[in-house]
Amino acid sequence: FDIIKAIDFDKNAVAAYRLNFGDYVEQADINSVEIGNLPNTDVIFGGPPCQDYSVAGKGEGANGERGKLVFRYLEIIEEKKPKAFVFENVKGLIGKRHRRTFDALLSKFSEIGYEVSWQLINAWDYGVVQKRERVFIVGIRKDLGINYEFPKPLEDDYRTKVLRDVIGDLPEPSEEERNPQDGRYSSQYLSRNRIVGWDEPAYTVLTNPRDASIHPGKGDFNMDNVRNDDVQPRRFTVREVMRIQSVPDSYKMPNDLSLSAQYRIVGNGIASRVAWYIGKALAEQLSASPSLAEK
């Protein structure tokens, strides 16, 4: 895919995107964007804010200011009529509390002319060292005659990665990456008892650095002196969290962004390898359609 437009409300996310990908990104409120002014495109890939559907949030769902944006996404798809779209959100959207909203969304996508498929995907199944579950909906315009099939994980990817594989080669945190309150690797970062061993996958990466923590294990820590034998529990660094999200090392953060902003950007993202799997399968299935060139 060639990306031709990107929109985000968060100025820090926009700055990071621009640094890594290009100037076609725009900081804007999607509610105020004129849909007719958006470029025509083959695919629209979007993840409306998920906090109102998250089990960690207030649970306001479609009544919340952010929750309403799932239907703004629907409006954009209806007007722009791309060949396909990909929608991503948290697991809470398919839970009992919000299932009515989810089912209504699927029905509306069908009404406006799309064959929809959906799946709850655990990133650990797809070569990511993280137990991160997210809901994906993929819709393909009905006139193309395709039902999207979610890709199966490669054998070497299915629940094979552990933290040792992904961040074991990284150096200890620099001074500026330490706890800004006291300079130590304080146990206060073990929020919700999120203790992780080297031979385990991480829990879901969150947007709050206080929730990003690691523990070297109980009595079995042996990294051949890559780190000190007496490592204390501490939060992950930003680069470690990016590795856990399967973000390539070529990805950079703007130098003027605060650490909290950097953590938030990574935590709000989709695991890169999962996005690759889904996007690659969509490209292949669209390209195999005999009617694609005519549409």
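Colleague: What is the order of the strands in the open sheet?
Modeller: Please note that this is a predicted model. The open sheet has 4 strands in the order β3-β4-β6-β5, and their pairing is mixed.

Colleague: Which are the edge strands?
Modeller: They are β3, residues 43-46, and β5, residues 114-122, each of which pairs on one side only. From one strand to the next, the twist averages 15 degrees.

Colleague: In which sense do β3 and β4 pair, parallel or antiparallel?
Modeller: Strand β3 and strand β4, the latter covering residues 84-90, pair in the parallel sense over 4 bridges. Within this pair, V43 stands opposite A84 in β4.

Colleague: Which helix packs on the sheet?
Modeller: Helix α7, residues 272-287, packs there and touches β3, β4, β5 and β6. The direction of α7 makes about 15 degrees with that of β6, which spans residues 133-141.

Colleague: Let us change topic. At what angle do α2 and α3 pack?
Modeller: Helix α2 (residues 69-80) and helix α3 (residues 99-111) pack at about 5 degrees, and their axes are 11 Å apart. Helix α2 is therefore roughly parallel to α3, as angles under 35 degrees count as such.

Colleague: And which residues make the contact?
Modeller: Helix α2 contributes V70, F71, Y73, L74 and I77, while α3 contributes T101, L105, K108 and F109.

Colleague: How many of these are nonpolar, polar or charged?
Modeller: The contact of α2 with α3 has 7 nonpolar residues, 1 polar and 1 charged.

Terms used:
Residues numbered from 1 in each chain as written. Predicted model: local features only at pLDDT ≥ 70, side-chain atom pairs only at ≥ 80, totals over all residues. Heavy atoms only, no water. Pairing = 2+ DSSP bridges. Helix = DSSP H or I, 4+ residues; strand = E, 2+ residues; numbered from the N terminus. Axes fitted to C-alpha atoms, helices over the stretch in contact; angles between N-to-C directions. Contact = heavy atoms within 4.5 Å. Parallel < 35°, antiparallel > 145°, perpendicular 65-115°, else oblique. Nonpolar A, V, L, I, M, F, W, Y, C, P; charged D, E, K, R; others polar.
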